[in-house]
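The tour moves from one selection to the next and says what is found at each stop.

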Amino acid sequence: MKRRNEFIILFVIIIILISYLLLHKKDRTHYQLPVVPEIASNRITQIEIDTATGAVVLNRKDNTWHIGPEAYPAAPEKVNAMLDVVEKLTITTLVSESKNYIRYDLNDDKKITVKAWDGTAISRQFDIGKPAATYRHTFVKLDQDPYVYHARGDFRHKFDLTRDQLRDKTVLSFEPDHIEVVHITKDKKTYAIKRNRTPETKGDIKESGSKPSATQEPEPIWETGDGRQLDASVVKRLVSMLSRLDCETYIDDKNKGDFTEPVFVVELTEQSKAYTLSVFSKTDKNAATYPAVSTENQYPFLLSESQLDDMQKMTEEILKEKNKNKP
């Protein structure tokens with residue numbers, strides 16, 4: 001009799017557990033996810049990113065984005081990455097109803113609050129926590145909703161940026177193939193080199209054993225002012241490096257006019273425009289950067305030691321004539 005009662009009790013416990021699991025599963029799979037309304041990124045006029053250390057505000061003006069009241073130009077690729085998240089925010093799963101935000105980095109000390117405006121109205125607001133363990137989702141909390149959800153994608157790092165990190169660091173930009181003349185000033189001496197687009201000579205064709213296509217533009221030759229040929233590959237590397245030059249950071253407490261007597265200058269000229277980079281002595285001998293200014297940027301900035309070292313090494317190579325015996 002005792003053994004029979006034990007079996008009955010065990011059977012009842014099993015039935016209760018199965019019922020609980022079935023009901024719990026049913027409750028978890030039929031919850032209603034919040035509806036996130038669609039929003040077009042091209043209608044967003046302002047983005048505010050608020051963290052425990054302060055807020056950064058981005059404003060759209062004339063189809064370009066600027067940072068704060070100073071209107072510093074923002075890096076387009078970084079703003080576009082944010083806009084893509086704001087526009088396509090997709091809630092996939094309810095994670096927690098307990099309001100225990102610390103475990104998801106959604107507490108006040110860790111969360112990133114994002115607000116996006118369409119004109120004068122907020123069209124999207126949400127809090128960003130840490131990425132999920134799979135790095136395929138991010139924990140988020142929607143405005144006026146206390147629950148924690150999974151949003152599709154790993155995107156916290158796209159918003160976890162300082163004002164300086166959001167600034168457009170491009171200080172020189174041009175098409176390298178358009179450059180015709182390069183002037184290099186170093187040690188108070190200026191050297192001029194010019195691009196020569198003269199086609200290959202018959203001797204060159206005969207020696208190479210091949211004839212260039214009629215539609216193929218010959219490789220340019222770079223020469224000094226008196227006609228001495230230079231190593232074109234090194235010139236090409238220098239021009240290419242300068243054609244998309246990014247700085248380390250900006251110097252906010254000085255103006256371009258505060259810097260005089262550069263130690264290194266490169267001027268690159270195309271048919272209708274000249275681009276100039278001027279580098280100055282270190283303000284602190286132990287610093288790892290050099291102050292610099294550019295005709296393509298209204299703010300003074302800092303270049304790394306390695307950037308200047310690369311420019312100067314290429315300059316030294318360029319000034320060694322490829323053919324010293326050429327008349």
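Predicted model: local features only at pLDDT ≥ 70, side-chain atom pairs only at ≥ 80, totals over all residues.

Now widen the selection to residues 112-118, which make up strand 6, and residues 121-131, which make up strand 7. These two strands run antiparallel and are joined by seven bridges.

Nine strands form an open sheet with antiparallel pairing, and their order is 4-3-2-1-6-7-8-9-5. Which strands stand at the edges? Select 72-73 for strand 4 and 91-96 for strand 5: each has a single partner strand, so one side of each is left without a neighbour in the sheet.

From there, go to His66, which is in strand 3. Display its side chain together with that of Thr64; the two make a polar contact at 3.0 Å. Then show what else surrounds His66. Leaving aside neighbours within four places in sequence, His66 is in contact with Val57, Leu58, Asn59 and Lys61, and also with Ala71, Tyr72, Pro73 and Ala74.

Select Asn63 next. Asn63 lies in the loop between strand 2 (54-61) and strand 3 (64-67). Check the backbone here: phi is about 65°, a positive value, although Asn63 is not a glycine. For background, most residues other than glycine have a negative phi. Is Asn63 buried or exposed? Asn63 counts as exposed because its relative accessibility is 69%, and the cut-off for exposed is over 50%.

A second stop of this kind is Glu261. Look for Glu261 in the loop between strand 15 (249-250) and strand 16 (264-269). Its phi is near 55°, again positive in a residue other than glycine. With a relative accessible area of 70%, Glu261 is exposed.

For the last stop, select residues 2-29, which are helix 1, and pick out Ile13 within this helix. Together with Ile13 they form a nonpolar surface patch, and the accessible area of the three is about 290 Å². How does Ile13 itself count, and what is its relative accessibility? The value is 42%, so Ile13 counts as partly exposed; that class lies between the limits of 20% for buried and 50% for exposed.

Conventions: Residues numbered from 1 in each chain as written. Heavy atoms only, no water. Patch = residues over 30% accessible without salt bridge, like charges linked within 9 Å, V, L, I, M, F, W, Y side chains within 5 Å. Areas by Shrake-Rupley, 256 points an atom, 1.4 Å probe, with all protein chains shown as cover. Salt bridge = Lys/Arg side-chain N within 4 Å of Asp/Glu carboxyl O. Helix = DSSP H or I, 4+ residues; strand = E, 2+ residues; numbered from the N terminus. Buried < 20%, exposed > 50% of the residue type's maximum accessible area, 1.4 Å probe, protein only. Pairing = 2+ DSSP bridges. Polar contact = N/O pair within 3.5 Å; in protein donor to acceptor, adjacent residues only side chain to side chain. Contact = heavy atoms within 4.5 Å.
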